[in-house]
Amino acid sequence: VLTRVDPPLTIAPQGSLAVFCDELLDRIALRRRWALHRHVHLLAAFDACVRQQRIGSFLSIGCGLGLSELYLAAHHPQVEFTLTDFDERRIKSARRIAAHGRLENVRFAQLDLLDPPDGIRFDVVASIEVMEHIEDDRRAAANYRALASSYLYVLVPGCSEADLTDEREIASAWRRCKHYRPGYTERTLPALFEGADVEWLRPCYIRPDALQLRLEVEAIDDERVRATRGALFARAARDVGLEFPVTEGAAGIELLAHV
Ligand SMILES: C[S@@+](CC[C@H](N)C(=O)[O-])C[C@H]1O[C@@H](n2cnc3c(N)ncnc32)[C@H](O)[C@@H]1O
C-alpha cells in the first residue's frame, strides 16, 4: 500500500554545493548522446518514489560516472546514496567527481549485478542502460529485485519484437555497443521483473523529437551547449511521461515498479 507524503523533501543546494550541481549539469549536457534524456528520466523516477513514500536509501547499479545520481544526492541530503559499478575504474572516476561536492550522503562500492546480493536492501534501486550489457539478464534481474525493498527503476534500449530475433539487429547491437540484445520491449522488460507491481512502463528517447535533440547537441560546440543548457534540458524533459504506442519509434524503454 502506497502512502502519499506531501510535499517531497527536496532541498535546493546552496553555496558551493549549488556550484557543484551547476558543474554536474554542464558535464551531463556535454556528454551528449542520450545523457540529457537519461538525466531527466532518472530525476522523474526518483521524484515519483519520494512523492509516494519516505525514501531513505538509493542504490545505483552500473552508475558509470554517476553524475545524475550525485545531482540527486545534492538535492536529497536526507537520502543515503550508494553508487556502484562492477568496473573499478568507473567508480574511481565517479569518486573523483563526487569529491568536489563534498557530499556526506554518498558512498561508493563495487557491485557486480551477477553476484548474489549480501542481504542489504535499498528503498530505491536504479540502473540506466546496464541490463543490455549483461548476458544473463534473468539472473541479474533476480538479484536486482533482491536488492530493492520498495522500488526498482530500469531504463534500457527499446526495440521491436521482431528485432529480438533479427540476426542482423543482434549482431549490430553487439558490434556497435556490446549489447547482448537489441533492446527490450513492452513484453520483455516487465517479464524480467515478473511479480513486481508496475507503476509505469513507458517508451523514452521518442522519435522524432528526442533524436532531433540528440543530433542537435552533437552538432554544437561545448560553449554553445553550456550557453543553451537550460533550454536543452527543458526539451529533454518533454520526453518524460509519454505512453505507448509510439508512432515513429522509441529508442528506449523505462520501467518503475514497486516490489
Ligand atoms: C552504458 S554504461 C551506463 C552508465 C551509466 N548508468 C549512464 O547512464 O551513463 C553501462 C554500465 O554498466 C556497467 N555494468 C556492466 N555490467 C555490469 C554488471 N554485471 N554489474 C554491474 N554493472 C555492470 C558498466 O561498467 C557500465 O558502467
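Proline 208 sits in the loop between β6 (197–206) and α9, where helices (H or I, at least four residues) and strands (E, at least two) are DSSP runs numbered from the N terminus. A cis peptide bond joins arginine 207 to proline 208, with omega at about 0 degrees. The model is predicted, so local features need pLDDT of at least 70 and side-chain atom pairs count only at pLDDT 80 or more, while totals for chains, interfaces and linings use all residues. Residues are numbered from 1 along each chain as its sequence is written, and side-chain values use heavy atoms, with hydrogens and water left out.

**Backbone angles**

- Most residues other than glycine have a negative phi, and most peptide bonds are trans.
- A cis peptide bond also runs from phenylalanine 244 to proline 245, with omega near -5 degrees; proline 245 lies in the loop between α11 (229–237) and β7 (250–258).
- Tyrosine 205, in strand β6, has a positive phi of about 55 degrees although it is not a glycine.
- Tyrosine 205 counts as buried at 1% relative accessibility (buried means under 20% relative accessible area, exposed over 50%, partly exposed in between, with a 1.4 Å probe and protein chains only).
- Lysine 178 has a positive phi near 55 degrees and is placed in the loop between α7 (167–177) and α8.
- With a relative accessible area of 45%, lysine 178 is partly exposed.

**Alanine 210**

- Alanine 210 belongs to helix α9 (residues 209–219) and is buried, at 3% relative accessibility.
- Leaving aside residues up to four places away in sequence, alanine 210 touches Trp34, His37, Tyr205 and Asp239 (contact means heavy atoms within 4.5 Å).

**Helix α4**

- The 14 residues of helix α4 (residues 88–101) should span 20 Å at 1.5 Å a residue, and the end C-alpha atoms are 20 Å apart, which agrees; the expected span is 1.5 Å times one less than the number of residues.
- Ile91, Ser93, Ala94, Ile97, Ala98 and Gly101 are the buried residues of α4.
- The face turned away from the buried side carries the exposed residues Glu88, Arg89, Lys92, Arg96, Ala99 and His100.
- Cover for the buried residues of α4 includes α1 (15–31), α3 (67–75), β2 (80–85) and β3 (106–110).
- Just after α4, arginine 102 has a positive phi of about 45 degrees.

**Helix α5**

- The buried residues in helix α5 (residues 137–147) are Asp137, Ala140, Ala141, Asn143, Tyr144 and Leu147.
- They too lie on the same side of their helix, because they cover an arc of only 165 degrees around the axis of α5.
- The elements covering them include β1 (57–61), β4 (122–128), β5 (148–157) and α8 (188–192).

**The ligand**

- The ligand is surrounded by 16 residues, the closest being Arg38, Gly62, Asp85, Asp112 and Ile128 (a residue counts if one of its heavy atoms lies within 4 Å).
- A backbone N or O atom of glycine 62 lies 2.8 Å from a nitrogen atom of the ligand.
- A polar side-chain atom of aspartate 112 lies 2.9 Å from a ligand nitrogen atom.
- A polar side-chain atom of arginine 90 lies 3.3 Å from an oxygen atom of the ligand.

Definitions and conventions
A polar contact is a pair of N or O atoms within 3.5 Å; within protein, one must be able to donate a hydrogen and the other to accept it, and residues adjacent in sequence count only if both atoms are side-chain atoms. The arc is that of the directions from the helix axis to the C-beta atoms.
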